[in-house]
Each structure stands twice: as C-alpha cells, then as structure tokens.
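Subject: Structure for you to look over

Hello,

Here is the structure I promised to pass on. Please open it first, then read my notes below.

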Amino acid sequence: MRILLVHNPKAGSKKHEGENFIKALERKGHEVIYESSKRRRIAKALKKKIDLVLVAGGDGTVGKVANRLVAANSQIPLSVLPLGTANNFARSLGFCLSKTELFDRLNDGRHEIFDVGEGYGPWGKRYFFEGAGAGLFADYLRAPKPDVKKSSAKSKAAEMRHHVKELRRRLQNYQAREWQIELDDADVSGRYLLWHAMNISSVGPVLTLAPNAKTDDGAFEFIGASEENRAALLKYFNARAEGEQPKFPLPARRFKRMRLRWKKSPLHFDDEVWPDEDETERPRPCDIELAVKNCALRIWRIE
C-alpha cells in the first residue's frame, strides 16, 4: 500500500522514531510518504494518491488528521498507532496493537465507518470525534497544569491518576451551573456539575462515562451530573484514583441533536476548549447546536 504516515515526533519516547517507522513499513513492502504533525503540510499530502493514512501519535494528532479527512469528504481510510497518554480515540476504535503487530497486519485490515460530531456556533462549523461538554472537565482543561513526564507506560498510568485526583479535588467545592439544553425534542435543562455529549466511551484521563457508546450508530450519549450526583461522582473518582475500573454510576441518554444556550462557561470539543481565553472579543450569549454526521470518517480496522 501507499501510506501517508503522519507522526507526532513529541509523542514517542525514542530518537529517530519516525525514521524507524518508515523503515519498518518499507520492509513490509509499503511505500511511505512521511509528514510530521508539527508541520502544516498534511492537507497538501492528503491530495496525493494514497491508500491509507496512518497516524502515529496521541488523541490530539489523530483528531487533527481526522478533521482534515472529514472536511475534505475523503474516502481514504485512517489507521492509528497510539503513542499518546490517554489514547481514548484509538482505544475506542480498537487500535491497541504494538507497532510490530500493527505493521504486520496492515494488509489484513477492513473498512469500517465512524460517525463524527458537528458543532455549529459563532465559529461557524467544527468537527469533534470523542465528545463535547462543559462543567468540571472543560474548566479543568482550561486550567494551567504542570508538566508530567510521559517516558514510560508506568508514568502514563501515573499521569492519568494524577488528573483524576485533581478532578476529584476540584469537584469537592465545584459549583453546579445552569444550562439550557434540548436533546432532540426533550428539554433536559438544569444545574449541572458536568455534562458530556459522548461519541466514544471515554473522555479525558480514561474516564469511561458512556461504556455503551458506539461510533457507527448515528447517535451520541448524553451524560449529565447534577448536584444530587456529587457523592456518586466523588465515589467514582475515588475508585479511579486507586486504579480501579468501576462502572460509571449515572445513566446515559441517546440523542442525535443537541441545542443549548451558551452564556459564558467554557465548552470543550475533544481536548480543545472554546472560547479561547486569548480571544480579544468575548463572544456574546448564543445558541449552539451539536449534531451527528453519519459515516463521515472511514477507518481501516486491524485486529
């Protein structure tokens, strides 16, 4: 196959990792076009005649490339070698293989579809792949955080626990906020500590809020935690901070379209926060809509 390899050189832990990936793929008989995710040539590279886009990086890099594919209405399939910390996106698609296993089986993959989220607001239109939401997690994404080393699998797990503990600490005194939200034709407005529109099962530091979420069913799952859910949410964070994998205590609600009234609290789309704190002109209160874009992304699934 002719493969476009998009690599985040900061995601891995070895020097010359990109060169090693190229050589390993070529040994398997593939022709490789290499692009660093840190350069602005991905859109141009996607116009070349290629059979597969292989992303070697974390959730941010995967989302960046997937955004380009969806915006271009491309039929080129995407595959992932996860090199990030949480790897929620890759995990939800079943990309849990090692480099050797993935490269050995590239020719044996199969096409699958992936639904994508579309957000409409003052920015125009934007895509998201993992989920969108507001409240505790969106505020935490915006808050400044110290660097944590990501040099080993053990340190990745430690970093995830660190983030969970911070979320737990903030939740103890976090104030619920009023949100006007409509899911399809149902009004679910209320005061929420957090809410999420989930396209995949996990968010942030591998918090599995929607274990039954599917990426090809034409729907999202809504998770909302109100003041009365604070104790259950703290208990969940306590267990996750200890390395346990408890079932999330709140039910999910399926929907296809969300309408909400935004006032001033930040929203997150995957791991990006809106509005940007550096924006010179603060957006005014406005209506925002989230919807499912069916079958918008093609995945090259490898088992």
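**Salt bridges**

The count comes to 16 salt bridges, where a salt bridge is a side-chain nitrogen of Lys or Arg within 4 Å of a carboxyl oxygen of Asp or Glu. This is a predicted model: local features need pLDDT of at least 70, side-chain atom pairs count only at pLDDT 80 or more, and totals for chains, interfaces and linings use all residues. Residues are numbered from 1 along each chain as its sequence is written, and side-chain values use heavy atoms, with hydrogens and water left out.

Side chains of opposite charge can pair when their charged atoms come close.

E31 and R2 form a salt bridge, with the closest N and O atoms 2.9 Å apart. The pair links distant parts of the chain: E31 sits in strand β2 (residues 31-36) and R2 in strand β1 (residues 2-7), 29 residues apart. Helices (H or I, at least four residues) and strands (E, at least two) are DSSP runs, numbered from the N terminus. E31 is partly exposed, at 45% relative accessibility. R2 is partly exposed too, at 27%. The cut-offs: buried is under 20% relative accessible area, exposed is over 50%, and partly exposed is in between (1.4 Å probe, protein chains only).

D139 pairs with R177, and here the closest N and O atoms are 2.8 Å apart. D139 is buried, at 18% relative accessible area. R177 is partly exposed, at 27%.

E289 and R257 meet through their side chains in a salt bridge of 2.1 Å, N to O. E289 belongs to strand β18 (residues 286-301) and R257 to strand β15 (residues 257-262), so the pair ties together parts 32 residues apart in sequence. E289 is partly exposed, at 21%. R257 is partly exposed, at 32%. Salt bridges that share partners join E182, R257, R259 and E289 into one network.

**Helix α8**

Helix α8 (residues 230-241) has 12 residues. Its expected span is 1.5 Å times one less than its number of residues. That rule gives 16 Å, and the end C-alpha atoms are 16 Å apart, which agrees. The buried residues of α8 are R230, L233, L234, Y236, F237, A239, R240 and A241. Just after α8, G243 takes a positive phi of about 85 degrees.

**The whole chain**

The chain has eight helices and 18 strands. Its radius of gyration is 19 Å, close to the 19 Å from the globule rule for 303 residues, so the chain is as compact as a globular protein of that length. The radius is taken over C-alpha atoms, and the rule is 2.2 Å times the number of residues to the power 0.38. The C-alpha atoms fill a box of roughly 55 × 40 × 40 Å, taken along the principal axes.

Buried residues make up 52% of the 303 residues. Among contacts (heavy atoms within 4.5 Å) between residues at least 6 apart in sequence, 76% join residues at least 24 apart.

**Cysteines**

C286 is buried, at 13%.

Best wishes
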